[in-house]
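Have a look at the sequence and the fold, then read on.

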Amino acid sequence: MRLRKSRQCFPSCSSRHRVDEDDVYWKRKKSSEELEWSHNSTHVISQLTQCFANAMVGPRSWIAGLFTRSPYKRNDKILDFCLTPHLERKLQKLQERMRTPFDETRPDHQEALRSLWNAAFPDIPLKGLISEQWKDMGWQGANPSTDFRGCGFISLENLLFFSRTYPASFHRLLFKQGGQRATWEYPFAVAGINVSFMLIQMLDLRSEKPRCLPGVTFVKLLGEDESAFDVLFCIAFEMMDAQWLAMRASYMEFNEVLQVTRTQLERELSLEDVHRIKDLPAYNLLYQ
């Protein structure tokens, strides 16, 4: 995927002002991950241009849920986290999925692509796995396999899960229905791949054990529901589209929108009473 221009954004601080432990944790985390992203030239999402920490959009029930629910003490929750054998098995199974590259020569991967097309455009026959038709779904070229290099087969699985589990939501985002849309809209399929990549980074899923609060919360959710990552992908995609509309964004502002989405999702995964994926305030976006 092509790398687009961006500006660096680093949080400022002053030694004369005291900040609490939560602020120190999040600032260090954001700084380290921004540096990591700035050296990653294989993804459409480049270094973020601005940091929006306070944006909230969406249905009233989503916003109200955030104001009435309080987060845990983050450091305590991370220190107390124990990766049980059950959670370790669930995490390792997900990590195996993450390590699987998309292989256009594998029949099952080819079939997954065809299934995604049929879910998106059931009345339009696909001419081939390499076809200009794929651009209608938001792939960058005639061969979708080239867009998977940054995230692998799991990003296709995420999109396919979205289409099958929440078809109304899937089609609403695919066809950009609802709200005042931009002249230059984000490409649906490529945006989905970047949402998958963002979640993997945010949740620290490449580590043996998550070292951040959102990651700790997520692994617990994964222990309760093996499809938690796929459902979280659908929620994050909906959140991203809601932020897109609220910010009246256009194509070149996609990076900013994705970062706002990430910040909001990190907050939701830090809430005290999130014990199931359905407890996330933004879950109800899937049923608008």
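**Overall fold.** Please keep in mind that this is a predicted model. The protein has 11 helices and 0 strands, and its pattern along the sequence reads α-α-α-α-α-α-α-α-α-α-α. Of the 288 residues in the protein, 52% are buried. Among contacts with a separation of 6 or more, 74% are made by residues 24 or more positions apart.

**A helix pair to look at.** Two packed helices are described by the angle between their axes and the distance between the axes. For helix H10 (residues 228-246) and helix H11 (residues 254-268), the axes come within 9 Å and cross at roughly 125°. The crossing of H10 and H11 is right-handed. On the H10 side, the residues in contact include Leu232, Met239 and Trp244, and their partners in H11 include Phe254, Leu258 and Leu265. The residues of this contact between H10 and H11 comprise 10 nonpolar, 3 polar and 1 charged.

**Cysteines.** A disulfide is a covalent bond between the sulfur atoms of two cysteines. How many disulfides does the structure hold? The count is 0. Two of the cysteines are listed here with their accessibility.

| Cysteine | Relative accessible area | Class |
|---|---|---|
| Cys82 | 52% | exposed |
| Cys212 | 4% | buried |

Cys82 counts as exposed because its value is over 50%, whereas Cys212 counts as buried because its value is under 20%.

Notes:
Residues are numbered from 1 along each chain as its sequence is written. This is a predicted model: local features need pLDDT of at least 70, side-chain atom pairs count only at pLDDT 80 or more; totals for chains, interfaces and linings use all residues. Side-chain values use heavy atoms; hydrogens and water are left out. A disulfide is a pair of cysteine sulfur atoms within 2.5 Å. Buried means under 20% relative accessible area, exposed over 50%, partly exposed in between (1.4 Å probe, protein chains only). Axes are lines fitted to C-alpha atoms, for helices over the stretch in contact, and angles run from 0 to 180 degrees between N-to-C directions. Helices (H or I, at least four residues) and strands (E, at least two) are DSSP runs, numbered from the N terminus. A crossing is left-handed if the near helix is turned anticlockwise from the far one by less than a right angle, and right-handed if clockwise. Contact means heavy atoms within 4.5 Å. Ala, Val, Leu, Ile, Met, Phe, Trp, Tyr, Cys and Pro count as nonpolar, Asp, Glu, Lys and Arg as charged, and the others, Gly among them, as polar.
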